[in-house]
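The following paragraphs lead through selected features of the structure shown below. Please keep the sequence and the coordinates in view while reading.

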Amino acid sequence: MTATVQCHDLVKRYKQGETTVNALKGVDLAVEAGEFVSISGPSGSGKSTLLHILGSLERPTGGDVVLDGVALSGLAKSEQADLRLNRIGFVFQAYNLIPVLSAAENTAFILQLQGMNARERRRRAFEMLERVGLAGMEDRRPGQLSGGQQQRVAVARALASRPAIVLADEPTANLDSENSDELLTMMSELNRESGVTFIVATHDPRVIAHTRRHLVLTDGRIESDESVAA
Amino acid sequence: MRIVGILLPLAWRNLWRNRRRTLITLLVVGVGVWSILCFNALLRAWADSTLTGSLKNMTGEAQIHAPGYLDDPDMQKSFAPPAADLAAVLNGDSVARWAPRVRTPAIVRSEYKTLPVTLTGVVPDREQDVSFIADAVGPGRQLAGPGDDGVLLGRHLADRLKTGLGKRVVIMANDVNGKLAERGARVVGIFSASRPMEDGFVFTGLEAAQAFLNAGNRLSEISLMTARDANLDEVLANLKAVAPKLDIEGWPDLEPMTKGIHDLTHGFVVIWLWVMFVLIAIGVVNTQLMAVFERIREFGLLQALGFRPGWVLMEVLLEAVQIVGLGVALGALSAALTIFALHDGLSLSGLARGADFLGMERVLYPRLAPSEFITTILLIWPLGVLTALWPARRAARFDAVEAMRST
């Protein structure tokens, strides 16, 4: 298998006033294509920071990251944006959708930015919304969808452009258990069907139970890295 | 361009997320543009009215005199009637009307009072559209012709002289030889005009005045109005070419104060434009800043999804393009309707004394050329959009991660 993500000696330090916070202290990580990985750890352990660096939203203080064959160090801001647009899908904890766009338009938004023609992106958006169980809700705006439905649209959007990797930061944090289970089952199925790599940062044991590899991050270091029977 | 095509409808929808704020911004921009255009039209009408009134106060658009007459306007500085070359220009297409005059300082005396005036000999018909006297007589009658030796007095002068219609007055002036001439004349008409005109002028027939002043057929002044499309400077140049020994001057030199007011009007319009523009800019910047700070997380999300910083900037600017454009269009349309509604004139009858004092006509005709409409729109629209550059740059500089964390 080929590694979708490779990190070597990843370090991230933040300045907070006079003090320096070491968010990551030399993380080495390789994630193969098609893996479904969860990263857990206490607050401040560096989960979100790692996810942001993998997603090219933040630059590391030291170390290297190669994502889908692209070395992230040295990329210009516009190149980082292009990488996010074309190779990475994001699902955030909340506020995932653009409020003025319908579910179908949100799903197709990245395809539109990528330059796909209107008919094809509409077809793809409808197909993805059907796969996440939102057929018939294509024209609803985010305000007309429940939290769980909004997260499903975010997953549909993240997968619609067929990225190399989907990065999800606490995707179930604002959902009740029923909606969480539905979303996680759906993400597992999509991971298996599409072969897209998923990395999920989470506190939620239910999320960990759905993934096939589990990393525990403590004080900016990987404390454990275990494969889980799916 | 593809990105503009994506961002334009997105920007339009974003505008209407907060209808009240958008409508207030539209109102600010629209009222601002409306006031700029209407103020411009009214000021121009006022300036035109002042100019027309001033020109009709015996100035005309240009005057011809003997050398030195303007410094010492007596009959010794008179000139012969126009020779063929000069007459050809005066009767040509570039001159709409011209009026020959005799005009000299004089004394008018009634049984009760003696007052200084300017005795002016005119051909009544030729004064039409050149000076006020053609339309200002009543009670009494207009001068019958150039040979009419009756006199027209201003209403206020007649009051001051304690004389009136049908009574006789005595007029004294230096004749063409510098000798004092004196004759009695009957008041055949009373004219109404601005106070300085009523007090300062006594009119009689041109030939009667020439005879009284022993001037033969000599003139002291020709006043003229140019044709509608003629250029005053070109007309003056043509006149000077055929009459190089005469003083020929246009109204800007003859009436520097009127010229100053006319020029000042343009300055007022420019000042008003900038005052209103600053208000519009404050409105646009304020609403755009609020809109940007309300959507920090959204801009973070857009950047996380692959928006380049330049696209965020473009998105905010396109919102400004649309809201300012719509406001400018509404303001321009309402200004056009307002000016059209006033095309029959805005009566100043309630301000008649003030209007007379300022030498204005009593009805203003607001007008604005299409080019001025377009110029204002082309100035306000892009400048209004440029003011949104500040909030747009703020939005483009948000760090995606920090923006997503903000509440």
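In this predicted model, helix α3 of chain A and helix α1 of chain B are roughly antiparallel to each other. The classification follows from the angle, because a value over 145 degrees counts as roughly antiparallel, and these two axes cross at roughly 150°. On the chain A side, the contact is formed by Glu105(A), Phe109(A), Gln112(A), Leu113(A) and Gln114(A). From chain B, α1(B) contributes Arg2(B), Ile3(B), Ile6(B), Leu10(B) and Arg13(B). Sorted by class, the residues of this contact comprise five nonpolar, two polar and three charged.

Helix α4 (residues 118-131) packs against helix α5 (residues 147-160) of chain A at an angle of about 130°, and the axes are 9 Å apart. This angle makes α4(A) oblique to α5(A). Their crossing is right-handed. Arg124(A), Met128(A) and Leu129(A) of α4(A) meet Val153(A), Ala156(A), Leu159(A) and Ala160(A) of α5(A). Six of the residues in this contact are nonpolar, one is charged and none is polar.

The spacing of contact residues along a helix can be read against a general rule. An α-helix has 3.6 residues a turn, so residues three or four places apart point the same way.

Asp199(B) belongs to helix α5 of chain B, which covers residues 195-200. Is this residue buried or exposed? Asp199(B) counts as buried, because its relative accessibility is 18% and the cut-off for burial is under 20%. Its side chain makes a polar contact with the side chain of Arg160(B), at 3.3 Å. Leaving aside residues up to four places away in sequence, Asp199(B) touches Pro116(B), Val117(B), His156(B), Leu157(B) and Arg160(B).

Burial also characterises helix α10 of chain B, residues 296-305. Nine of its 10 residues are buried, so α10(B) is largely enclosed by the rest of the structure. The buried residues are Ile296(B), Glu298(B), Phe299(B), Gly300(B), Leu301(B), Leu302(B), Gln303(B), Ala304(B) and Leu305(B). Just after this helix, Gly306(B) adopts a positive phi of about 120°.

Terms used:
Residues are numbered from 1 along each chain as its sequence is written. Chains are lettered from A and ligands numbered from 1 in the order in which they are written. This is a predicted model: local features need pLDDT of at least 70, side-chain atom pairs count only at pLDDT 80 or more; totals for chains, interfaces and linings use all residues. Side-chain values use heavy atoms; hydrogens and water are left out. Axes are lines fitted to C-alpha atoms, for helices over the stretch in contact, and angles run from 0 to 180 degrees between N-to-C directions. Helices (H or I, at least four residues) and strands (E, at least two) are DSSP runs, numbered from the N terminus. Angles under 35 degrees count as roughly parallel, over 145 as roughly antiparallel, 65 to 115 as roughly perpendicular and the rest as oblique. A crossing is left-handed if the near helix is turned anticlockwise from the far one by less than a right angle, and right-handed if clockwise. Contact means heavy atoms within 4.5 Å. Ala, Val, Leu, Ile, Met, Phe, Trp, Tyr, Cys and Pro count as nonpolar, Asp, Glu, Lys and Arg as charged, and the others, Gly among them, as polar. Buried means under 20% relative accessible area, exposed over 50%, partly exposed in between (1.4 Å probe, protein chains only). A polar contact is a pair of N or O atoms within 3.5 Å; within protein, one must be able to donate a hydrogen and the other to accept it, and residues adjacent in sequence count only if both atoms are side-chain atoms.
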